[in-house]
Amino acid sequence: MKGQPGQRLVFAVMAGIARPLMNLLLAKTWHGFESLPEGGFIACPNHVTEIDPVVVGHAFYSNGRLPRYLAKESLFKVPVVGRALRASRQIPVTRSTANANRSLAVAREVLDAGDVIIIYPEGTLTRDPDEWPMRGRTGAARLALQTGAPVVPIAHWGAQQVLPRYGKSLKIFPRKRVHVLVGEPVDLADLRERPLTRTVLDEATTRIMKALTEQVAILRGETPPPTLWDPSAHGQAATGRMALDGKHADDEQGGTR
């Protein structure tokens, strides 16, 4: 497991708290983690429930990789939380140009150190009524093309049975099982030499979401819809929590999404 000794200690403490709870709530099956790239890479999971980050982080940590997430810069100012985020080398994200460059520099350092950056390419929980991946946003594609890092789709299924999308309570019994499946790196080779235009970013994002959806279909044993759900085409906000009827419920909680 890579990372500086201090970082590994912080992860060990956090894992010591989270893993027993996750083991209590969920049986787990990891698929394909032996095929992960040896160096740094960008992992792109689907997003169906608010406990996804813990589930995916648990899978990576249990397989010897330290997971890093993109987190709102404001969280780094919270006394205890901010200290833990900095110590575990999470990546602050801000909308300002100068600080965005700093975030990119931190991301490069994490990738160069051989660690994994986890980015939810949908940007929030899927709005698809049947919980398939929806249209992606360009953040993961942009980071991949700027850094040259591989992009690996990470599909998971089952955690939503414990905490349904936007649910308020855990469904503990009977004990559920979650599957996490590692896909092959997305082929972006022909796009890396091209200018970073909106067309290139959209094409890279389309490839990432297609690969991710294919992996989710394997876990579900079902055929995905022919086109990804587009919130704007259905009068839905692109970010923020949604009520079960598809209307805007309240503001996005932030963090890893």
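**Salt bridges and burial, term by term**

Modeller: K210 and E214 sit 4 residues apart in helix 6, which is about one turn of the helix, where a helix is a DSSP run of H or I of at least four residues, and helices are numbered from the N terminus. This is a predicted model, in which local features need pLDDT of at least 70 and side-chain atom pairs count only at pLDDT 80 or more, while totals for chains, interfaces and linings use all residues. Residues are numbered from 1 along each chain as its sequence is written, and side-chain values use heavy atoms, with hydrogens and water left out.

Colleague: What makes K210 and E214 a salt bridge?

Modeller: Their closest N and O atoms are 2.6 Å apart, and a salt bridge is a side-chain nitrogen of Lys or Arg within 4 Å of a carboxyl oxygen of Asp or Glu, so the pair qualifies.

Colleague: Why is K210 called exposed?

Modeller: Its relative accessible area is 52%, and exposed means over 50%, buried under 20% and partly exposed in between (1.4 Å probe, protein chains only), so K210 counts as exposed. E214, at 41%, is partly exposed.

Colleague: Why is S88 called buried?

Modeller: S88 has a relative accessibility of 1%, so it counts as buried; its place is in the loop between helix 3 (79-87) and strand 4 (91-93), a strand being a DSSP run of E of at least two residues.

Colleague: What parts does the salt bridge between R89 and E109 tie together?

Modeller: The closest N and O atoms of R89 and E109 are 2.0 Å apart. R89 lies in the loop between helix 3 and strand 4 and E109 in helix 4 (residues 97-112), so the pair links parts 20 residues apart in sequence.
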